[in-house]
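Dear colleague,

I am passing the structure below to you for your records.

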Amino acid sequence: MSIKWCFPLTFVLFFAICSFADCYDPLDPNGNVTVTFDTLHWTNDGYLARVSIQNYYQYRQVDTPGWKLGFTWTNNEIIWSISGAIATHQGNCTNFKDEIPHCCMQTPEIVDLTPDRRSANSPENCCHGGLLAASAINPTQSSSSFDIVVGNLQGNFSKSMPVNLTLLAPGPGYTCSPIQETQPTVSLVDGGIRYEQVFRTWKSTCTYSSYLANKTPVCCVSLSTFYSPEITTCPQCSCGCRPADKKALSCISGSSSSEFINALDAVRCTDHMCPLRVHWHVKTNYADHWRVKLTVTNLNYNRNYSNWNLVVHHPGFSQPTTTFSFNTTLLHTDGISDDVALFWGIDYYNTELLNADKDQVGSVSTEILLAKDHKAFTLHNGWALPRTIYFAGENCVMPSPDNYPMLPNGTSPRRPLHNLILFIIIYFYFKLLRF
């Protein structure tokens, strides 16, 4: 292997080891979901609290059907009422005769309301249907809040902190720290001329692990270039392997009937078996620019991806770029020398990545024009190809650098045409020497 492959391969190995160890993501060093309980008022038997959920992940969003927040009371608390959310179970409230609480569960689970169910007394930042946008894409939609009136407390109210916070967003993957008391939240009121402080504040920080959320990867990357006729496909069995029995129901071929497809939560049969494929094509090389086509393909038969996003790590993004059909911004990273670009759809155009059907797959694509840094730019040794790619926060399986498309003057055994041309030149050279 060429020494020049070392950086890309080292980066891939770093991310594999780092992810397996479940350490923090250097592409998103401050990423987390923070849950805050602010006590706003005391009541006769408890308090009124505002619960806020803030998504600090730059590129990981909370998608439909939305977040579900759970915790455990430690002092026989009940929830008299909730504004801006709802508890999924009321529980056993037979001990209360005059006024029936909203929830008597020791371990309540709370979900968000849809915008059409918002009431007049709901908090301003409530009722998004459980959706939290990625903070780098739509910071105004990256948080949600609701109010709860907690009661049935006896004695010292300060000892009523809940424990065992859980966050499903929407499925598993998040691990939350113990709830701790912090400095009370301070906010500006009266047009920004007065600071007001809540009575107390509890916080918990939840971090995401792909290995808890998904037993197998969900996406893979394929590569191609204008200078090579060969396409580097997704690695075989990237997201699982097709069964030896071709009639097995783990995937559906494109020729299957629509009735059969709709009956199963299945993906189209491929050698890589990934629900999603990202393709990077180096299209053209100009004097001062180079052009790439980036395509995301959805191979799910029964799932669309709303408000999708894509993260691409590539040194070329250190130069000015023009993206024609996606929104884009650069991410703030930690210790990564190359630039990392975040892409997402344009409103009313391609924010929805549609599912596959019998006749075709769903896809979104854009072309990207990148300015050249002539000191760094090269087509040799895979420099023009991405280092790593994330879809909706999930790390996509990259091909091995050994299989990257090679320049025609490379020495790779995968270049039989080049070897044939070389043989012909040598043949005619010696033939001319005979004359």
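Two strands are said to pair when DSSP finds at least two bridges between them. Strand β3 (residues 68-72) and β8 meet that condition, pairing in the antiparallel sense over four bridges. Please keep in mind throughout that this is a predicted model.

Strand β1 (residues 33-43) has two antiparallel partners to report. Ten bridges join β1 to strand β2 (residues 46-55), and V33 stands opposite N55 in β2. With two residues between them, β1 and β2 form a hairpin. Strand β13 (residues 200-208) is joined to β1 by seven bridges, again in the antiparallel sense; here T39 stands opposite R200 in β13.

Salt bridges

The count of salt bridges comes to five. One of them joins the side chains of K68 and E109, at 3.8 Å from N to O. Because K68 lies in strand β3 and E109 in strand β6 (residues 109-112), this pair ties together parts that are 41 residues apart in sequence. K68 counts as partly exposed, at 28% relative accessibility. E109 is also partly exposed, with a relative accessible area of 33%.

A network of salt bridges links K283, R291 and E367. Between E367 and K283, the closest N and O atoms are 2.3 Å apart. That pair links distant parts of the chain, with E367 in strand β26 and K283 in strand β18, 84 residues apart. Between R291 and E367, the closest N and O atoms are 2.8 Å apart. R291 is in strand β19 and E367 in strand β26, and this pair links distant parts of the chain, 76 residues apart.

K283, at 34% relative accessibility, counts as partly exposed.

Nonpolar cores

The largest nonpolar core has 35 residues, and those with the most contacts inside it are W280, W290, L310, F343 and F391. At least two residues of this core come from each of β14 (219-225), β18 (276-285), β19 (289-298), β21 (309-313), β24 (340-344), β26 (362-371) and β27 (388-391). Another core, of 34 residues, lies apart from it and has Y57, W67, A87 and C176 among its members.

Surface

V186, L188 and Y195 form a nonpolar patch on the surface, with about 340 Å² of accessible area together. Of these residues, L188 is found in strand β11 (residues 186-189).

With kind regards

Conventions
Residues numbered from 1 in each chain as written. Predicted model: local features only at pLDDT ≥ 70, side-chain atom pairs only at ≥ 80, totals over all residues. Heavy atoms only, no water. Patch = residues over 30% accessible without salt bridge, like charges linked within 9 Å, V, L, I, M, F, W, Y side chains within 5 Å. Areas by Shrake-Rupley, 256 points an atom, 1.4 Å probe, with all protein chains shown as cover. Salt bridge = Lys/Arg side-chain N within 4 Å of Asp/Glu carboxyl O. Core = buried A, V, L, I, M, F, W, Y, C linked by side-chain atoms within 4.5 Å. Buried < 20%, exposed > 50% of the residue type's maximum accessible area, 1.4 Å probe, protein only.
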